Amino acid sequence: MDAVADIIVTAPRRGVLGKLSRDRAGQIAALVVLVYAIIALGVSLGWWADGWRATDAPQWEAPSSAHLLGTNRIGQDIWARALYSTKTAFSIGLSVALVATLLGALLGGIAGLAHGSWMDELIVWLMGVLDSIPFYLFVAGLAFALQNVPYVMQIAMIVVFWTTTGRLVRAEVIKLASLDFVAAARVIGVPERRILSRHILPNTTHLLLVQATITFVAAIKAEVILSFLGLGTHEGVSWGSMIAESTAEIAAGHFGNFIAASGLMFGLVLAFNVLADALQDALDPRLVA
Amino acid sequence: MSAAVTVEPVAPPLLRVANLHKHFPVHGGLLGWTTGWVNAVAGVTFRIDQGRTLGLVGESGCGKSTLGRTIVRLYEPTAGDIILEGERMTEMSRRRWRKRRRDVQMIFQDAHASLDPRFTIERTLREPLDVHGLGARAERADRVRTLLDVVALPADLLERYPHELSGGQRQRVGIARAIALEPKLIVADEPVSSLDVSVRAQVLDLLSSLQRERGIAFLFISHDLAVVQHVCHDVAVMYLGKIVEQAPVDALYAAPRHPYTQALLSAVPTIDAVSRPQRTLLRGDVPSPIAPPPGCPFHPRCPQAMPICSRVFPQEKDVGTPDAPHRVACHLYT
Amino acid sequence: MDVPLLSVRDLSIEIAGTRVVDGVSFTLAAGETLGLVGESGSGKTLTSLALLRLLPPGARMTGGQIILEGEDLVVAREARMRALRGGAMAMIFQEPMTALNPVRTIGAQLEHVIARHRHFRRVQARSAAIEALGRVGIAAPKRMLREYPHRLSGGMRQRVLIAMALACEPRVLIADEPTTALDVTTQAQVLDLIVRLQSELRIGVLLITHDLAVVAETCVRTAVMRAGRIIEEAPTAQLIASPYEPYTQSLLANTLRVRRAAGEGGTT
């Protein structure tokens with residue numbers, strides 16, 4: 001009859017979904033992100049916003065039923081372009097987030113497990129070097145050097161963004177590797193790579209998920225700034241390029257472009273940030289509800 | 001004509017440890033240079049025979065846990081030999097060691113920490129079988145079930161996670177995992193210390209029955225003198241990385257020779273006022289292994305210290321009988 | 001004249017709607033050591049925390065009285081409790097490793113506690129600190145004042161904590177598993193210290209532990225707790241010689257003892 005212990009044991013079972021179900025802000029944020037994701041999906045499947053390129057309307061038209069937010073300087077539908085940019089944002093965000101997180105997990109995991117050896121020192125040194133390069137200069141330089149390589153911008157982002165995840169994973173792995181269940185696996189004879197992939201990294205998934213969402217947002221923001229600076233290299237339109245276009249228009253008193261792009265971007269970034277916080281709270285094994 | 005005397009070949013002991021050392025570097029200073037050494041295990045010699053249990057007792061910092069982990073090769077020895085059935089561990093090829101390590105397994109103190117929280121019990125028990133390819137895939141599920149039977153756990157625990165089990169059940173899972181590879185020696189590092197008193201007896205009985213039925217030898221590491229007396233055939237007492245006394249369990253508890261062993265035994269709280277011994281309260285605290293005193297490491301606290309004790313480490317001497325050796329490292333006997 | 005120092009009546013504590021301490025009652029007299037024995041989950045630690053009104057979040061006291069020298073602590077104001085904690089009622093915990101502030105010297109922590117409770121000035125507090133350290137058998141008290149906790153061993157830290165607890169002249173000392181995390185030789189020293197000081201200073205000691213052998217050596221009376229209730233209470237010698245409850249009997253039976261001479265002790 002272990003009353004107190006029983007209670008403490010059942011509490012974690014209410015777990016992640018339990019905590020999320022009580023987090024109103026997190027739920028709303030998740031919903032918003034879902035809406036954006038559906039928009040992006042629809043665009044890539046051609047369901048809507050396919051007229052984003054057309055320049056057949058008169059320039060600077062006011063919002064009307066044909067063009068929900070009016071048109072820009074060369075007669076393109078702002079609303080369609082803004083929607084299309086959602087797809088651009090998602091494709092860049094997802095690809096960068098996925099690859100950077102995986103790369104960070106892999107290298108961070110190897111470094112952590114090899115803690116104290118030359119392999120660890122090498123990876124830490126590499127992370128330090130990459131962190132000390134100013135990001136935008138790096139992207140500009142890479143874009144110039146690899147002019148004909150597709151996805152140069154994404155590659156640059158991945159190369160720079162993986163280090164944050166790498167450091168976090170390394171710290172967590174160093175801690176996990178000192179726990180007895182890792183020692184037990186070693187005593188049985190489990191090879192090191194299997195210990196990493198089966199025992200250690202799965203215990204870092206809470207970290208990885210949160211990092212992935214943060215990286216997603218960072219990629220979107222970075223793209224906007226790069227496009228604004230004229231360094232963006234991608235096909236189609238993005239919020240960044242729309243904002244870049246709008247600098248000329250604002251002087252002439254036309255705000256449609258700017259408001260559409262920054263408004264939509266603001267919405268997604270805010271929602272993602274709130275979602276990342278909610279996930280962090282829900283997944284943190286130490287925070288009992 | 002006298003009958004020829006046949007000398008029976010003496011079987012090599014299951015485990016023989018000869019002058020084993022394990023040192024850890026201490027990093028300090030500006031650039032993390034090695035500023036000193038912790039001599040966690042400082043020259044330890046003993047043997048364990050088939051099917052016997054050697055108890056290893058001592059207080060914090062004595063090196064017993066490090067010794068246990070070095071024997072299962074979680075740490076590499078700094079010096080000295082670990083000889084398993086006549087084979088030197090450090091001389092084994094990697095392939096040979098991969099096979100041999102199945103013979104030496106470990107039970108950990110905190111079963112909760114030694115089970116992966118994300119593995120079901122089934123997966124935890126299957127892992128050793130998978131890693132070594134024991135039995136056909138299909139058979140392994142059966143073998144796992146058998147393991148649970150042996151440790152008297154119900155089969156419906158297979159799909160559970162460690163946090164859903166009680167402390168005693170988790171420890172049994174740890175034991176089941178340790179016997180999965182059919183080892184000849186198990187190093188048990190404080191196997192019952194974190195369990196409730198009422199559960200301890202059951203787990204200790206389980207270990208005893210495993211020894212009876214499978215002939216498994218145990219290195220039983222513990223700070224609890226009562227438990228050690230209950231389950232061990234022989235006992236070695238450690239202090240600051242060295243073994244100061246080794247003897248069969250009855251001899252050690254009835255007539256301890258080393259002043260440290262005497263103080264240790266007298267310090268154990270006793271339930272019956274009648275059998276309460278005259279307490280030898282030691283001065284000071286258990287020292288840290290980073291800067292051990294010269295000569296005999298116990299001399300600063302020893303109630304019977306002599307001048308020589310601070311200069312020379314005493315040689316081990318056998319004060320027992322040929323079939324019941326009783327080794328002490330103390331100047332009182334050299 | 002037999003007014004008990006501390007009297008607990010019908011104490012009940014709930015966590016998330018479940019009663020984890022149910023109608024616990026006991027008394028403690030000055031100069032007496034009462035042992036509270038139980039396994040994990042029996043509610044013994046929660047009971048002791050309730051005495052100081054230091055229950056963890058989520059735990060609520062739902063009934064009972066705690067009367068210290070005639071004053072019911074359940075209805076006392078928080079300011080009064082703060083004055084009592086560390087003053088008239090002191091507590092030492094199981095983990096000496098974590099009970100001290102790692103970034104302040106022993107002297108700073110001791111003097112702070114003394115100055116607060118006994119309203120001393122710096123100089124007075126310092127000499128009171130040195131005296132307290134000396135009383136717990138610390139060899140060089142002045143030097144100890146300048147030490148940091150991480151440089152001390154577990155036994156030393158526990159001694160410092162006892163000094164801190166006793167420096168403010170408590171009437172009641174609650175010791176929750178004070179020696180469980182210590183080595184057996186250090187445990188003997190610390191228990192000996194607690195018993196000696198307790199009889200010198202005539203304080204009431206509530207000693208909480210899972211180890212029957214420890215209470216056998218230190219406590220005049222012992223209460224056995226199980227699943228939130230006290231199921232048996234008796235003079236210790238009597239409890240051990242002839243336990244009434246089956247649970248107590250099985251606790252005793254499961255307590256392995258060291259056999260010092262052939263044919264003695266072991267398990268019953």
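Ile28(A) counts as partly exposed because 14 C-beta neighbours lie inside 10 Å, where a residue is called buried if 20 or more other C-beta atoms lie within 10 Å of its own, exposed if 12 or fewer, and partly exposed in between, with C-beta atoms placed from the backbone. The structure is a predicted model, in which local features need pLDDT of at least 70 and side-chain atom pairs count only at pLDDT 80 or more, while totals for chains, interfaces and linings use all residues. Residues are numbered from 1 along each chain as its sequence is written, and chains are lettered from A and ligands numbered from 1 in the order in which they are written.

**Chain A as a whole**

- Chain A has 11 helices and 0 strands, where helices (H or I, at least four residues) and strands (E, at least two) are DSSP runs, numbered from the N terminus.
- Of the 289 residues in chain A, 42% count as buried.
- Among contacts in chain A between residues at least 6 apart in sequence, 69% join residues that are at least 24 apart, a contact being a pair of residues whose C-beta atoms, placed from the backbone, lie within 7 Å.

**Helix α10 of chain A**

- The 13 residues of helix α10 (residues 239–251) of chain A should span 18 Å at 1.5 Å a residue, which agrees with the 19 Å between the end C-alpha atoms; the expected span is 1.5 Å times one less than the number of residues.
- α10(A) bends by about 30° at Glu245(A), the bend being the angle between axes fitted to the seven residues ending there and the seven starting there.
- Buried residues of α10(A) include Trp239(A), Met242(A), Ile243(A) and Glu245(A), and what covers the buried residues of this helix includes α3 (78–113), α9 (205–228) and α11 (256–283) of chain A.
- After α10(A) comes Gly253(A), whose phi is positive, near 90°.

**Where chains B and C touch**

- The contact takes 31 residues from chain B and 35 residues from chain C.
- On the side of chain B that touches chain C, α7 (197–214), α8 (225–231), α9 (249–254) and α10 (259–267) of chain B each supply at least two residues, and α8(B) gives the most, with 5 residues.
- By class, this side of chain B has 19 nonpolar, 7 polar and 5 charged residues, where Ala, Val, Leu, Ile, Met, Phe, Trp, Tyr, Cys and Pro count as nonpolar, Asp, Glu, Lys and Arg as charged, and the others, Gly among them, as polar.

**Positive phi in loops of chains B and C**

- Arg73(B), found in the loop between α1 (64–71) and β4 (79–84) of chain B, has a positive phi of about 65° although it is not a glycine.
- Glu169(C), in the loop between α7 (154–167) and β7 (172–176) of chain C, is a residue other than glycine with a positive phi near 50°.

**Paired strands in chain C**

- Strand β1 (residues 6–15) of chain C runs antiparallel to strand β2 (residues 18–28) of chain C, and 7 bridges join them; two strands pair if DSSP finds at least two bridges between them.
- The hairpin of β1(C) and β2(C) has 2 residues between the strands, and Ala16(C) takes a positive phi near 50° there.
- β1(C) is also joined by 8 bridges to strand β4 (residues 59–68) of chain C, again antiparallel.
- Ile13(C) stands opposite Val21(C) in β2(C) and opposite Met61(C) in β4(C).

Note on methods:
Two residues are in contact if their C-beta atoms, placed from the backbone, lie within 7 Å.
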